[in-house]
Amino acid sequence: MNSAQPPGSGLPLPDAEPPARVTRSATSSLMLAVIAPASIYFTFPFALISLIGAADTGGHTLLSWLAPLIFWSLPVPIGVISVCLALSTLRRFVPESESGRLAVKSLWISSVAFVIGFFVTLRFMHGMRYF
């Protein structure tokens, strides 16, 4: 028996590209990006109650800052987690992959929700006559 191998057979075959799959972090990021603006419906009634309690004083006290704090208490942590998951997904995958596309969509939803929420908060503070 001849133990000689044909040329090139000792080299490992290059691995084929793994199939495009969607990671859990990309899916979770998109899901949390949608849940974050929807969570405003849960915090809005409590923010109104604190606003009514602060409106009786007529001036600006610590209670007048409580309404925006309660209003953003749930959407902000959910949105931050969504953005962190999306950024970690984009570090591992290119934006053209399926996971990358979901992460980019998540970042778009989060940024649009932030901008709309920022203007709503400014309008809210203008109504409270902060400026």
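This is a predicted model: local features need pLDDT of at least 70, side-chain atom pairs count only at pLDDT 80 or more; totals for chains, interfaces and linings use all residues.
Visitor: How are H1 and H4 oriented to each other, roughly parallel or roughly antiparallel?

Guide: Helix H1, residues 24-38, packs with helix H4, residues 75-92, their axes being 8 Å apart. The angle between them is about 155°. Since the cut-off is over 145 degrees, the two helices are therefore roughly antiparallel.

Visitor: Is the crossing of H1 and H4 left-handed or right-handed?

Guide: The contact involves residues of both helices, including Leu 32 and Ile 35 of H1 and Ile 78 and Leu 85 of H4. By class, this contact has 10 nonpolar, six polar and one charged residues. The crossing of H1 and H4 is left-handed.

Visitor: Which element gives the largest share of the lining of the largest pocket?

Guide: The largest pocket holds about 430 Å³ of space. Elements giving two or more residues to its lining are H1, H4 and helix H5 (98-127). The largest share, 10 residues, comes from H5.

Visitor: How many charged residues are in the lining of the largest pocket?

Guide: The lining has 21 residues, with Trp 72, Pro 75, Ser 110, Ala 113 and Phe 114 nearest the centre of the pocket. By class, the lining has 17 nonpolar and four polar residues. As for charged residues, the lining has none.

Conventions
Residues are numbered from 1 along each chain as its sequence is written. Side-chain values use heavy atoms; hydrogens and water are left out. Axes are lines fitted to C-alpha atoms, for helices over the stretch in contact, and angles run from 0 to 180 degrees between N-to-C directions. Helices (H or I, at least four residues) and strands (E, at least two) are DSSP runs, numbered from the N terminus. Angles under 35 degrees count as roughly parallel, over 145 as roughly antiparallel, 65 to 115 as roughly perpendicular and the rest as oblique. A crossing is left-handed if the near helix is turned anticlockwise from the far one by less than a right angle, and right-handed if clockwise. Contact means heavy atoms within 4.5 Å. Ala, Val, Leu, Ile, Met, Phe, Trp, Tyr, Cys and Pro count as nonpolar, Asp, Glu, Lys and Arg as charged, and the others, Gly among them, as polar. On a 1 Å grid over the protein atoms alone, a cavity is a set of points where a 1.4 Å probe fits but cannot get out, and a pocket is an open set with protein on both sides within 12 Å along at least five of seven lines; lining residues have an atom within 4 Å of a point. Grid points are joined across faces, edges and corners, and a volume is the space filled by probe spheres set on the points.
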